[in-house]
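Here is a quick tour for anyone meeting this structure for the first time. Have a look at the picture, then read on.

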Amino acid sequence: MTDLLSITDLERGDIERLLDLTDRFAEISTRQIPKVPALRGKTVVSLFYEDSTRTRLSFETAAKRLSADTMNFSVSTSSVKKGESLRDTAQTIEAMGIDCVIVRHKSSGVPWQLTRWVDASVVNAGDGWHEHPTQALLDCYTIRQQRGSLDGMHIAIVGDVKHSRVARSDIWAFTKLGATVTVVAPPTLLPPAVGAYPVQVSHDIESVLPTVDAVYLLRMQRERMTEALLPSLREYTATYGLTRRRAELLRDDALVMHPGPINRGVEIDPDIADEQRSVIVDQVRNGVSVRMAVLFLLLGSGTELHTPTDALQEASA
Amino acid sequence: MAERERRLTRPFGGVFVPRTQVMDADDLRRATWRMAHEIIEANGGVDDVVLVGLQTGGVPLAERLQAALLEIEGVEVPAGRLDVAFHRDDIGLRPVLPEAPTDVPFPIDGAVVVLVDDVLFTGRTIRAALDALTSFGRPRAVQLAVMIDRGHRELPIRPDYVGKNLPTRKDEAVDVHDDGVDLGEVVK
């Protein structure tokens, strides 16, 4: 594996191995000096064509804790403003001798396109409505941390599934790890081919909530809603939001999750986001550990290297 | 460290074929007991002493030393575990194993840290361990206890407490296990 482009590329075993390794990286962050030299000399560039706070900071923190050098590229201050194409930008960056590109773009498929143009490892940090694999991995890690396993769990994904790359990656990851997924959304916010996903569909959040082990709320992506999909956000909250009254339908041990950033008062009641069952802050914390594991597996791991026999002597100590 | 772990992991896959038993279980017990006495003597007791076993081979040895120190001095010395895979100079040649975690659940500032490993060979693991320790704090001193010193050092590192000095050829392998120590070869 030299790139991380989508969850659909991964087998259940790959995901589990990565989540097992993540514990090792979580430990590093608890040290007095949370930094190890594992990726010393590697250079990681984040190439973000869309706004991001947590994903970019999370990747950058992860790279720095592993001693990689990081460079940041944000469209607003770069030559893209002068009309440089994605390909030219990628090749310019590559010419500087980098090892990994973390890319976010509003168009689906851009990370695949990049792998054809650059030799560096490519990590998909979100491409359009398509996938956001590291978010799904950190969600799985967070659930495993709370429950030990996803096997047999029932997880509801609520909200704007149509525009959500998080939902797509999560659906694949959760089901690969043995959970069943119900998507809950108004018909206008479901993808047209929702039948192609391994999910159940519901339009009635109140009948679903009592049956789930975790409820995953998606952000209402106002910036992507160009059509009149909803009468108003207030109506969405009234019919699909996790209000305080609906939260009482949840089991006491059910997890409340959200990929952030939260629209408090839209998809979730402000108080519910901070209560005991919410693991939203854990998701952010675990994001750093999971991304450390991803970067290490792509750039520094020996597990998939072919090692010549004479290296045995050098390596022994 | 951890010749055993390296043999069991794929890039170095091969079967260890023992040729000679160089220590038996009683020898191991006596050597551990003597090393525990030496640690107490050198440090005038065990007040500030903490043990850190290196994954994977040093961990059981650190636990044996801890038990011996408890029996002799009546003090339970803290014992942690350290995996140096992230700190090696040959990262990429050594896998990071989920089952070999780092766990140093006590402060090491001002303590005398006794690093514990099964086999001392080139010294590269110990260099990495010294590097790793700095991310946990600033010990007053670091000492090194190994069951087997097999020579062939590539760095200026020497042990403070040794179970047995064992002259070896570079292509031999040493296996420290619960029932003793074997010298042999790894056959691919």
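## Ground rules

A residue counts as buried if 20 or more other C-beta atoms lie within 10 Å of its own, as exposed if 12 or fewer do, and as partly exposed in between, with C-beta atoms placed from the backbone. By that test, buried residues make up 45% of the 188 residues in chain B.

This is a predicted model, where local features need pLDDT of at least 70, side-chain atom pairs count only at pLDDT 80 or more, and totals for chains, interfaces and linings use all residues. Residues are numbered from 1 along each chain as its sequence is written, while chains are lettered from A and ligands numbered from 1 in the order in which they are written.

## Chain B at a glance

Chain B has four helices and eight strands; helices (H or I, at least four residues) and strands (E, at least two) are DSSP runs, numbered from the N terminus. Along the sequence they come as α-β-α-β-α-β-β-α-β-β-β-β. The radius of gyration of chain B is 16 Å, close to the 16 Å from the globule rule for 188 residues, so chain B is as compact as a globular protein of that length. That radius is taken over C-alpha atoms, and the rule is 2.2 Å times the number of residues to the power 0.38.

The C-alpha atoms of chain B fill a box of roughly 45 × 35 × 30 Å along the principal axes. Two residues are in contact if their C-beta atoms, placed from the backbone, lie within 7 Å. Looking at chain B contacts with a separation of 6 or more, 72% are between residues 24 or more positions apart.

## A three-strand sheet in chain B

Two strands pair if DSSP finds at least two bridges between them. In chain B, three strands make an open antiparallel sheet in the order S1-S8-S7. Strand S1 (15-24) and strand S7 (173-177) of chain B are at the edges with a single partner strand each, so one side of each has no neighbour in the sheet. From one strand to the next, the twist averages 30°; axes are lines fitted to C-alpha atoms, for helices over the stretch in contact, and angles run from 0 to 180 degrees between N-to-C directions.

Eight bridges tie S1(B) to strand S8 (residues 180-187) of chain B in the antiparallel sense, and B:Asp24 sits opposite B:Gly180 in S8(B). Helix H2 (residues 25-43) of chain B packs on this sheet, touching S1 and S8 of chain B, and its direction makes about 60° with that of S1(B).

## Over to chain A

Chain A comes to eleven helices and nine strands. A compact globule of 317 residues would have a radius of gyration near 20 Å, and chain A agrees because its value is 20 Å. Of those 317 residues, 44% count as buried.

Five strands of chain A form an open sheet with parallel pairing, in the order S7-S6-S5-S8-S9. Its edges are strand S7 (200-202) and strand S9 (255-257) of chain A, each with a single partner strand, so one side of each is left without a neighbour in the sheet. Here the twist averages 20° from one strand to the next. Strand S6 (residues 180-184) of chain A runs parallel to S7(A), joined by three bridges, and A:Val183 has A:Val201 in S7(A) as its bridge partner.
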